[in-house]
Amino acid sequence: MSVIIEIVKLTKRYGKKLAVNDLSLQVETGAIYGFVGPNGAGKTSTMRILCTLMHPTTGTIRVGGYDVLKNPRDVRRLVGYMPDFFGVYDDMTVMEYLDFFAACYDLPAQQRASINTDLLALVDLSHRANDMVDNLSRGMKQRLALARTLAHDPQVLVLDEPASGLDPRARVEIRELLVELARMGKTIFFSTHILADVAEICTHVGILEGGKLVASGNLNEMQRQLMPQRTLSIKLIGSLEQAQAVLGNIPGVLSVIPYEGGTTEPDSVHLRVAFGGTDTDVSDILQALVMAKLRVLHFTEDMRDVESIFLQATQGKVT
Amino acid sequence: MTPNLRTLTTFWQTWSNRLGFENPLLNKELRSRMRGRRWVFILTLYLALIAMAILSLYLAFSSSSSFYTDERQWMGKAVFGLVVGLQALLVSFITPALTATAISGERERQTFDLLRTTLLRPRSIIFGKVSSAVAFVLLLLIASFPMQALAFLLGGVAPSEFFISIAMLLVTTLVYASIGIMISTFLKRSLTAIVVSYALILVIFFFVPILFWTFTGISSSILFSTPTPASPTREVLFYLAIGILLCLNPISAAVFSEYNLIENQRLWLVEIPLQNGSSVTLPSPWWIYLLIFSLLAILFLYIATWRVRRVDP
């Protein structure tokens, strides 16, 4: 896989405050790269430099081989940028809005008409083409903004918090769109603090804190690196002591903690098991429980893993 | 297409592009502006104001005893002067407000960053904004032409006077517009940008006349109160200085040019008699005004473009 975005020793300083600190990372062509970090970690600064809106203090970024400092126009041609706000022009219809930005990218008028129609269909706004931009819902505006960034058919999409402030349905729609765009061959570089997005769609993740990259790479690899132990959530009918005895004998089990809180039916026990082992070992635990004639109601690996990775990686330096 | 036609088409496309007829920003601004009801209201109000002023002038003149050719000519001049005055007033009030919000407004709507990440060039952004403002003012000026034409019906006004007034109004509009947009690129908030633009215009166009009167008063008392006649060189230098100052304000430039045209029948030049009997010939203020302020407008637009091109440090 070839590298399309290359951030090289990037540093950005605002007065005394260091926003980005010697950041180096690479994004492969076709990747969905989730840029995760707490507020103020330097995500937006990095993206603004990438989109040629801001000069770095030192270091540089290359997009498709073009340097943001030396060839900003070539970079702009390759990049579609969606900031974390929606720029509204009142007095403009959806179609005119899209057409205006397409025209700003030097697309000839004859081409624009068909491109705009296609883009509106892609983001499912064809039925609102002649409505005023102002009257769209937030989710629709976000989809329109996405269509706008696609007007010049860029290879790289740089999206700053694309899912923030959206209701769950709108969020899912944006997420699906991103996956669809990745399938079309676009490289997507987006920032977020909604970890569910990262877990579901990203192929690569970079965790940023205090302007420094604290973890980066493939999500599964990172999980193994940062979280050597897995957490199992087990619910069963029977006595707590018996369950603890059975689980305590299994190699690899680090701790068994009864889960407090929530509605517990009589006779049912809810446990959280910290565990280090492979998938086969996980199934062995289940087998052991069944063999001991414990009635298992619920057996699952904890879904809050990405959050744990995040918390593990970031030490809360920013706040 | 024949090769000739193709060359012509390419020629047209290149130049229309260069001149900004295909400027997306200009296109958008014109469309949005004409969509708003506000501007229809302003246009109507402005035309009604001119109509009422002309009507009251007409009534005042026609009620006087006789209505001879000579008086009609004066009335023609009065109508012409009135309309030009109202046009100038309009230009001064509307133009800075139109462009002072141009860039700061984009910042406030958070669309400026979007524009800057597109391939739209900084000079196209400035050109689009300024030309849409100038085009709108031009529309207002042209809309008042029919009423201004009443002056020709009454007589006493030469076509050259009309063309000079249009040229001066256009250059003034351009200067106001470029001051507005230049200020707009420096300030974050539209309201402050408008206030500062008007303030700067006041300084340039009204501080200078005050300077002019002070200067004339002091130097003429020194120059002409002495019993011995002043040396011709000093006298010429004095007239030259006054001449330049006259050219720095549209009203003084226009009034003096008009006076020169009526009294001496000279359009381009002014002849001033000296104390020793000879005379000195200087250019008429109106075209020096056009020259100076066109250059000033170019300077302001250049600064604005530089500001838009600038990447955040």
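Student: OK, what stands opposite A:I7 in β4(A)?

Tutor: That's A:I61. Keep in mind as we go that this is a predicted model.

Student: Noted. How many bridges join β1 of chain A to β4 of chain A, and which way do they run?

Tutor: Five bridges join them, β1(A) covering residues 3-14 and β4(A) residues 58-63, and the two run antiparallel.

Student: What's the strand order in the sheet they belong to?

Tutor: In chain A the order is β2-β1-β4-β5, an open sheet of four strands with antiparallel pairing.

Student: And which strands stand at the edges?

Tutor: β2 (17-28) and β5 (66-67) of chain A. Each has a single partner strand, so one side of each has no neighbour in the sheet.

Student: Let's stay in chain A but move along. What does β11(A) pair with over eight bridges?

Tutor: β13 of chain A, residues 268-275. β11(A) itself is residues 230-237, and the two pair in the antiparallel sense. To pick out one pair, A:I237 has A:S268 of β13(A) as its bridge partner.

Student: How many bridges does β11(A) make with β14(A)?

Tutor: Six, again in the antiparallel sense, with β14(A) spanning residues 295-301. There, A:L236 of the chain stands opposite A:V296 in β14(A).

Student: Switching to helices in chain B. At what angle do the axes of α9 and α13 cross?

Tutor: Roughly 25 degrees, and the axes come within 8 Å. Here α9(B) is residues 159-186 and α13(B) is residues 285-309. With that angle under the 35 degrees cut-off, α9(B) counts as roughly parallel to α13(B).

Student: Left-handed or right-handed crossing?

Tutor: α9(B) passes α13(B) in a left-handed crossing.

Student: What kinds of residues make up that contact?

Tutor: Between α9(B) and α13(B) there are 21 nonpolar residues, four polar and one charged.

Student: Last topic, the two chains. How many residues does each one put into the contact?

Tutor: Chain A puts in 22 residues and chain B 19 residues.

Student: Which elements of chain B give two or more residues to that side?

Tutor: α2 (24-35) and α6 (112-117) of chain B. α6(B) gives the most to the side touching chain A, with five residues.

Student: And by class, what does that side of chain B have?

Tutor: Seven nonpolar, six polar and six charged residues face the contact with chain A.

Technical notes
Residues numbered from 1 in each chain as written. Chains lettered and ligands numbered in written order. Predicted model: local features only at pLDDT ≥ 70, side-chain atom pairs only at ≥ 80, totals over all residues. Contact = placed C-beta atoms within 7 Å. Nonpolar A, V, L, I, M, F, W, Y, C, P; charged D, E, K, R; others polar. Axes fitted to C-alpha atoms, helices over the stretch in contact; angles between N-to-C directions. Parallel < 35°, antiparallel > 145°, perpendicular 65-115°, else oblique. Left-handed = near helix turned anticlockwise from the far one by under 90°. Pairing = 2+ DSSP bridges.
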